[in-house]
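Dear colleague,

Please read them with the structure open beside you.

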Amino acid sequence: MHLSSVLYALSDPVRLSIVSEICKLGECTCGGIEVAIVKSTMSHHVRTMREAGVVHVRVQGTQRFLSLRKDDLEERFPGLLTAILNAHERSEEQKMSE
């Protein structure tokens with residue numbers, strides 16, 4: 001897990017929204033996350049996050065379950081994920097109030 005890979009994975013607004021949803025919901029399927037993108041684009045984003053070490057993908061039949069590697073990220077980069085998610089939430093709140 002490298003800082004540059006994690007930051008790259010979290011730099012995309014769609015991926016950041018996915019991570020935020022997983023953080024709120026806990027483990028969930030790819031289809032259970034509310035994002036307005038097609039399956040192939042979702043697969044690309046999941047792969048990018050998985051390769052960076054941000055999410056863990058568990059396969060069960062035809063379903064893909066995503067979970068956030070929060071403990072691993074916190075151990076390796078203390079406070080990083082929390083700071084990024086808090087900034088994301090604030091920016092989303094500002095968008096809603098405009």
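H88 lies in helix 5, which spans residues 80-97; helices here are DSSP runs of H or I with at least four residues, strands are runs of E with at least two, and both are numbered from the N terminus. This is a predicted model, in which local features need pLDDT of at least 70 and side-chain atom pairs count only at pLDDT 80 or more, while totals for chains, interfaces and linings use all residues. Residues are numbered from 1 along each chain as its sequence is written, and side-chain values use heavy atoms, with hydrogens and water left out.

H88 counts as buried because its relative accessibility is 9%, where buried means under 20% relative accessible area, exposed over 50% and partly exposed in between (1.4 Å probe, protein chains only). Leaving aside neighbours within four places in sequence, H88 is in contact (heavy atoms within 4.5 Å) with L16, S17 and S20.

How do helix 1 and helix 5 lie relative to each other? Their axes, which are lines fitted to C-alpha atoms over the stretch in contact, come within 12 Å and cross at roughly 20°, with angles running from 0 to 180 degrees between N-to-C directions. That makes helix 1 roughly parallel to helix 5, since angles under 35 degrees count as roughly parallel, over 145 as roughly antiparallel, 65 to 115 as roughly perpendicular and the rest as oblique. On the side of helix 1 the contact is made by L3, V6, L7 and L10, and on the side of helix 5 by L80, L81 and I84.
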